[in-house]
Amino acid sequence: MKNQYFGDINDYRKYGLLRSVLAASRMSLYVAWMLTEDDGGTDGGRIDYLQEPDRWSRFDPELFETLRKAVAEEGRRDVEVLERSGLLSPARYFREPVPRRADERERWFAWLADGAGGADLVFLDPDVGVESKSASFGNHGSERYVFWHELRQLWDQNNSLLLYQHFPREERYAFTQRLLGEIEERLPEACPLAFSTSHVLFLLALQPRHVHHGCAVLQRLRRDWPGEFRVALYEGPAA
């Protein structure tokens, strides 16, 4: 996550998803922003929706108004806005920037995981998503990803997981199924779900003790955000 992305349309849906999940499940939440430095690029520029309240505010009026005031009126693009708003209360937050070097990253993640102890759900918000062959651990660009061994560490301490994932230049259905299959393979007894929007994907891995929340989350999301999220289940290995 870069602060330059704060408040764009992906953020609106992201925070809306988190609010729906919390409202439906009452799970305790730990947010790991996985902050990286702003780069002056054009990513995060999709904020025109804030000028269309008649179309967009109906999904979550309180969230919409918070983002509209911060971004469109005050020009504030910082995750601290959301933290201070209380919209995800009583969530806890980890906002230390992601280091690149492997040894520093290991210490950073140990700190993150320690803070997540006892949380039902951990939301991880990397710039891109789950690890890619294009950026190995500790090398240039690796700070933009979360790695499977890190997810397994959180999983093994009984956290359910929700992940931000950018769509690559790959057929979306196949990509989504591949990631859902990897979750099932790498995180023992996980119940994986995917929520896709027109731009990004969110991956939910529920611990066995949280599986019963799945239906309530789906119902709440369909009620609060009709037509904005497509839900996918893992359909098993391709024949």
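Student: I'd like to start with the hairpin: how many residues sit between strand 7 and strand 8?

Tutor: Three residues separate strand 7 from strand 8 in that hairpin. Helices (H or I, at least four residues) and strands (E, at least two) are DSSP runs, numbered from the N terminus. Bear in mind that this is a predicted model, in which local features need pLDDT of at least 70 and side-chain atom pairs count only at pLDDT 80 or more, while totals for chains, interfaces and linings use all residues. Residues are numbered from 1 along each chain as its sequence is written, and side-chain values use heavy atoms, with hydrogens and water left out.

Student: In which sense do strand 7 and strand 8 pair?

Tutor: Two strands pair if DSSP finds at least two bridges between them. Strand 7 and strand 8 are antiparallel and share six bridges. To find your place, look for phenylalanine 195, which faces phenylalanine 202 in strand 8.

Student: Which strand order does the sheet have?

Tutor: Its seven strands go 2-1-3-6-8-7-9, in an open sheet with mixed pairing. Strand 2 (92-94) and strand 9 (230-233) are at the edges, and each has a single partner strand, so one side of each lacks a neighbour in the sheet. Direction ignored, neighbouring strands are turned by 20° against each other on average.

Student: What about strand 6: which way does it run relative to strand 3, and relative to strand 8?

Tutor: Strand 3 and strand 6 run parallel, joined by four bridges. With strand 8, strand 6 pairs in the antiparallel sense over six bridges.

Student: Is strand 6 largely enclosed or left open?

Tutor: A residue is buried under 20% relative accessible area, exposed over 50% and partly exposed in between (1.4 Å probe, protein chains only). In strand 6, six of the seven residues are buried, so the rest of the structure largely encloses this strand. Strand 7 is likewise largely enclosed, because five of its six residues are buried.

Student: Which strands does helix 6 lie across?

Tutor: Helix 6 lies across strand 3 (121-124), strand 6 (160-166) and strand 8 (200-206), and runs at about 155° to strand 6. For such angles, axes are lines fitted to C-alpha atoms, for helices over the stretch in contact, and values run from 0 to 180 degrees between N-to-C directions. Contact means heavy atoms within 4.5 Å.

Student: How do helix 5 and helix 6 cross?

Tutor: Two packed helices are described by the angle between their axes and the distance between the axes. Here, the axes of helix 5 (residues 102-116) and helix 6 (residues 148-156) come within 10 Å and cross at roughly 25°. That makes helix 5 roughly parallel to helix 6 (angles under 35 degrees count as roughly parallel, over 145 as roughly antiparallel, 65 to 115 as roughly perpendicular and the rest as oblique).

Student: Which residues of helix 5 meet helix 6?

Tutor: Arg105, Phe109, Leu112, Ala113 and Ala116 do, and they meet Glu150, Gln153 and Leu154 in helix 6. By class, this contact has five nonpolar, one polar and two charged residues (Ala, Val, Leu, Ile, Met, Phe, Trp, Tyr, Cys and Pro count as nonpolar, Asp, Glu, Lys and Arg as charged, and the others, Gly among them, as polar).
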